[in-house]
Amino acid sequence: MDCLKCEDCQQKLSQTCFMRNEKVYCRSHFYRRFGTRCALCGEGIFPDCAVRKASEHVYHVECFQCVICKRELLTGDQFYLIPQDGRLVCKQDYEIASSKANKAAKWEVL
C-alpha cells in the first residue's frame, strides 16, 4: 500500500486509483492527462463537471466565453463558433468585426 503512488504527484493512493499504460494516477492527474479537454484552456475535464458544448467542442462552463470581450456566454446567447480551433465570438462582437471588415473591403475597392 505504501508503494502505490500517483505517477505525476507521487501522493500515496489509499482509496481510488486509475491506471493507463501500466502507470498509476490519482483521479485528478488521470483526467488531466487522458480526459476530455476543454477547447479553450486545454485542461482535462472531470466527468462530473458541468460543461458547455458547441458542435464537437467541449468547454468548462467558465471557459465558454467570447474571445474578444471575455463575457461568459449563457444559455440562449447567440455566438459564432470558429470551427478550426473552437474559439467563440459573441453576436455583438461578431457583428462589429464583420461591419469593420466590410468597411475595409469597400475602401480597398474604391
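I started with Cys38. Cys38 is buried, at a relative accessible area of 3%. I use buried for under 20% relative accessible area, exposed for over 50% and partly exposed for in between, with a 1.4 Å probe and protein chains only.

I noted the ground rules next. This is a predicted model, where local features need pLDDT of at least 70, side-chain atom pairs count only at pLDDT 80 or more, and totals for chains, interfaces and linings use all residues. Residues are numbered from 1 along each chain as its sequence is written, and side-chain values use heavy atoms, with hydrogens and water left out.

**Cysteines.** How many disulfides does the structure hold? I found 0 disulfides, taking a disulfide as a pair of cysteine sulfur atoms within 2.5 Å. I then checked Cys90, which is buried at 2% relative accessibility. The closest cysteine sulfur to Cys90 is in Cys66, at 3.8 Å, so that pair is too far for a bond as well.

I looked up strands β3 (residues 51-54) and β4, which pair in the antiparallel sense over 4 bridges. Strands (E, at least two residues) and helices (H or I, at least four) are DSSP runs, numbered from the N terminus. Two strands pair if DSSP finds at least two bridges between them. β3 and β4 form a hairpin with 2 residues between them. Ser55, in the turn, has a positive phi of about 55°. Ala54 stands opposite His57 in β4. From β4 (residues 57-60), His57 and Tyr59 point one way, and Val58 and His60 point the other. All four are buried.

**Gln65.** I found Gln65 in the loop between β4 and β5 (79-82). Gln65 is buried, at 18% relative accessibility.

**Rings.** I counted 10 aromatic pairs. Rings of Phe, Tyr and Trp (its six-membered ring) pair if their centres lie within 6.5 Å; planes under 30 degrees apart are stacked, over 60 edge-to-face, the rest tilted. Tyr25 and Phe30 have ring centres 6.4 Å apart and planes at 55°, so I logged the pair as tilted. Tyr25 and Phe34 have centres 5.5 Å apart and planes at 75°, so this pair is edge-to-face. Tyr25 is buried at 2%, and Phe30 is buried at 11%. Phe34 is partly exposed, at 26% relative accessibility. Ring pairs link Phe18, Tyr25, Phe30, Tyr31, Phe34 and Phe46 into a cluster.
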